Amino acid sequence: MQITISSTFDAGNVEVIKADNPKDIQLNIRKDSGSDFLQWFYFRVQGAKDTACKLNLLNAGDAAYPEGWDNYQARASYDRITWFQIPTQYDGQILSMELTPEHDSVYIAYFAPFSYEQHLDMINEAQLSPKCALECIGHTTQGRPIDFLKIGDDNDSKKKLWVIARQHPGETMAEWFMLGLIERLLDEEDATALTLLQKANFYLVPNMNIDGSILGNLRVNAKGVNLNREWAEPSIENSPEVYYVKEKMRETGMDFVLDVHGDEGLPYNFISGIEGIPSFDDKLKQLTDSFIGNWMAINPDMQKEYGYPKNEPGKANLQIGSKNLGEEFHCLSQTLEMPFKQNANIPDAELGWSPERSIKLGKSLVPVLLSIVDNL
């Protein structure tokens, strides 16, 4: 049977160079739309059941974050529900993946995808709750709705808690996190969520970059724009996703915001804070310390030993979402980074960092926010 490799589906990304020899299948990662970024891949292999395959991504060394390949293992799935790790090697240029498929069709991806259909299912199910309102607050550059969820009620005196995710579309763990957060907030039998919603309303954008997600991009929207560098001066033409979300933030106000991401290189979950913004003060430092410390106590998947260097006072890049918003709204504003690899502190040899762990981390945000909401 002839081996066929395809990626003409939602979030698919691969270019086939040669697929006639199963022991040397040669592939390239396609660049992001209008950009030189490349790293996300997602493709389907057919016709290789019980055949030992070696799949080589020839241009992996040109990736945006080549350190992301060190100690990395690609994910595979037969049903696109359960994603498991497969043996993966990187020689400095080529990323090689080995698999003997047990079935006629197998999918291989950089990380477990979260499709647009899954996104629609998630928000449409959420709107069925009387606590949740779904709104289109604008459109992407390709004309897709920017989905916004408000969870809570009409009491505007409550604290206003924002969570946005997936500015970088290849960081799919961010939307798995949102799935967990939304499920717990809407759980009518969860006392923690019920108590938090007595004190706060939630404002959620589960996917900031719908176009890039569908196109199979790692980092940019359909115009080739990195949304997380647009917050100082977003434009309807090039970054409407940021423009309309920021307008909504100004309309509602904000007491807290978490921007959810994934990091290619570091095998840990960590927070990147706003220490470098001009208005950072003792209250924001105390809130930051409480937020991180309480999350580590509630979910040990969080840690603070490894992460990005803190900005020096006044040296933060205010084009970046969490830093820009922390300064404008003078509120606790944080970026969460999750790994593409493992959580090296609590590894899972079969699944690595997974959708399931991302979902549980999202659920665990609820008690963390309850622990600090009165001080925001």
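Which residues does F41 touch, not counting residues up to four places away in sequence? Select F41 and look around it. F41 touches N13, I29, L57, W69, Y72, A74, L95, M97, I108, A109 and Y110. Contact here means heavy atoms within 4.5 Å.

Before moving on, some ground rules. This is a predicted model, in which local features need pLDDT of at least 70 and side-chain atom pairs count only at pLDDT 80 or more, while totals for chains, interfaces and linings use all residues. Residues are numbered from 1 along each chain as its sequence is written, and side-chain values use heavy atoms, with hydrogens and water left out.

**Stop 1**

Buried means under 20% relative accessible area, exposed over 50%, and partly exposed in between, with a 1.4 Å probe and protein chains only. Helices (H or I, at least four residues) and strands (E, at least two) are DSSP runs, numbered from the N terminus. In soluble globular proteins, nonpolar side chains tend to be buried together.

**Stop 1**

Axes are lines fitted to C-alpha atoms, for helices over the stretch in contact, and angles run from 0 to 180 degrees between N-to-C directions. Angles under 35 degrees count as roughly parallel, over 145 as roughly antiparallel, 65 to 115 as roughly perpendicular and the rest as oblique.

The crossing of α1 and α2 is left-handed. A crossing is left-handed if the near helix is turned anticlockwise from the far one by less than a right angle, and right-handed if clockwise.

Show the side chains at the contact. From α1 come Q118, H119, M122 and A126; from α2 come E175, W176, M178, L179 and I182. By class, six of these residues are nonpolar, two polar and one charged. Ala, Val, Leu, Ile, Met, Phe, Trp, Tyr, Cys and Pro count as nonpolar, Asp, Glu, Lys and Arg as charged, and the others, Gly among them, as polar.

Now center on M122, in helix α1. Is M122 buried or exposed? M122 counts as buried, at 6% relative accessibility. Leaving aside neighbours within four places in sequence, M122 is in contact with F114, E175, M178, L179, I182 and P206. Pick the C-alpha atoms of M122 and I182: these residues are 60 apart in sequence and 8.6 Å apart in space.

**Stop 2: α6 against α8**

Select helix α6 (residues 282-298) and helix α8 (residues 355-372). Their axes come within 9 Å and cross at roughly 130°. That makes α6 oblique to α8. The crossing is right-handed.

On the α6 side, find S290, F291, N294, W295 and I298. They meet L361, S364, L365, P367, V368, L369, S371 and I372 in α8. The contact of α6 with α8 has nine nonpolar, four polar and no charged residues.

**Stop 3: α5 against α7**

Go to helix α5 (residues 240-252) and helix α7 (residues 321-329). Their axes come within 12 Å and cross at roughly 25°. These two helices are therefore roughly parallel to each other. The crossing of α5 and α7 is right-handed.

K246, M249 and R250 of α5 make the contact with N324, L325, E328 and F329 of α7. Three of the contact residues are nonpolar, one is polar and three are charged.

**Stop 4: a buried glycine**

Select G212, in helix α4 (residues 210-215). G212 counts as buried, at 0% relative accessibility. Beyond residues up to four places away in sequence, G212 touches P169, N217, V220 and N221. G34 is 178 residues from G212 in sequence and 11 Å away in space, C-alpha to C-alpha.

**Stop 5: two positive phi values**

Most residues other than glycine have a negative phi. Select N71, in the loop between β5 (53-57) and β6 (75-77). Phi of N71 is near 55°, a positive value. N71 counts as exposed, at 76% relative accessibility.

Finish at R80, in the loop between β6 and β7 (84-85). R80 has a positive phi of about 60°. R80 is partly exposed, with a relative accessible area of 44%.
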